[in-house]
Amino acid sequence: MTETESPDLLRRFHDGFRWDQVPLLPYKEDATTPFKAISRQLLFTDAALGCELRYFEMAPGGYSTLERHEHVHAVMILRGEGRCLLGDRVNPVRAFDLIRIPSWTWHQFRAGPDAPLGFLCMVNAARDKPRLPDADELAALRAHPEVAAFLAG
Ligand code: MN
């Protein structure tokens, strides 16, 4: 960093998908929900913008929580490859793909077995709590063979 750089305004990128003065956080504060091998970095938040930009990364074999909620996500894959469940569709995803997750749409990200999966996620700063599927909702999802295979890992 040079003398003219302000760390609040410019945070340099480093190997390993880390940024200056951005702490590596657990994926969720509430560790009771199912997820595996995933970290979170809060890159931007601003009261006037009313949003947060986060970077999530899954190690190979890792996955995010299967959830849905009223708030929307805008996701851009930045690293690696994997798959994304969106509603009842399973999509392969790789770096620089853009994904819109609408309100109340089931979603889950899974890294492939050999590569990490890292993505930016923009979200409202004030947002509702994610809901997990109940037994009936899981059964309805698993009725789609492709989704059942995805959920089984
Ligand atoms: Mn979500």
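The chain exposes about 9000 Å² of surface, of which carbon and sulfur atoms supply 56%; accessible areas come from the Shrake-Rupley method with a 1.4 Å probe, and for residues only the protein chains shown count as cover. The model is a predicted one, in which local features need pLDDT of at least 70 and side-chain atom pairs count only at pLDDT 80 or more, while totals for chains, interfaces and linings use all residues. Residues are numbered from 1 along each chain as its sequence is written, and side-chain values use heavy atoms, with hydrogens and water left out.

Of the 153 residues of the chain, 38% count as buried, where buried means under 20% relative accessible area, exposed over 50%, and partly exposed in between (1.4 Å probe, protein chains only). Along its principal axes, the C-alpha trace spans about 60 × 35 × 25 Å.

The secondary structure comprises two helices and ten strands; helices (H or I, at least four residues) and strands (E, at least two) are DSSP runs, numbered from the N terminus. Along the sequence, the pattern is β-β-β-β-β-β-β-β-β-β-α-α. Among contacts (heavy atoms within 4.5 Å) between residues at least 6 apart in sequence, 63% join residues at least 24 apart.

A manganese ion is coordinated by Glu 67 (OE), His 69 (NE2), His 73 (NE2) and His 107 (NE2), at 1.9 to 2.2 Å. Donors are N, O and S atoms within 2.8 Å of the metal (3.2 Å for Na, K and Ca); because water is not among the atoms, sites may look incomplete. The spacing of the donor residues in sequence is E-x1-H-x3-H-x33-H. Distant parts of the chain are linked by the pair His 73, in strand S6 (residues 73-86), and His 107, in strand S9 (residues 107-111), which are 34 residues apart. His 73 is buried, at 7% relative accessible area, and His 107 is likewise buried, at 4%.

Ser 64 is located in the loop between strand S5 (51-63) and S6. Ser 64 is buried, with a relative accessible area of 4%. Beyond neighbours within four places in sequence, the residues in contact with Ser 64 include Tyr 27, Pro 34, Gln 108 and Phe 109. A polar atom of the Ser 64 side chain lies 2.9 Å from the backbone nitrogen of Phe 109.

Technical notes:
A polar contact is a pair of N or O atoms within 3.5 Å; within protein, one must be able to donate a hydrogen and the other to accept it, and residues adjacent in sequence count only if both atoms are side-chain atoms.
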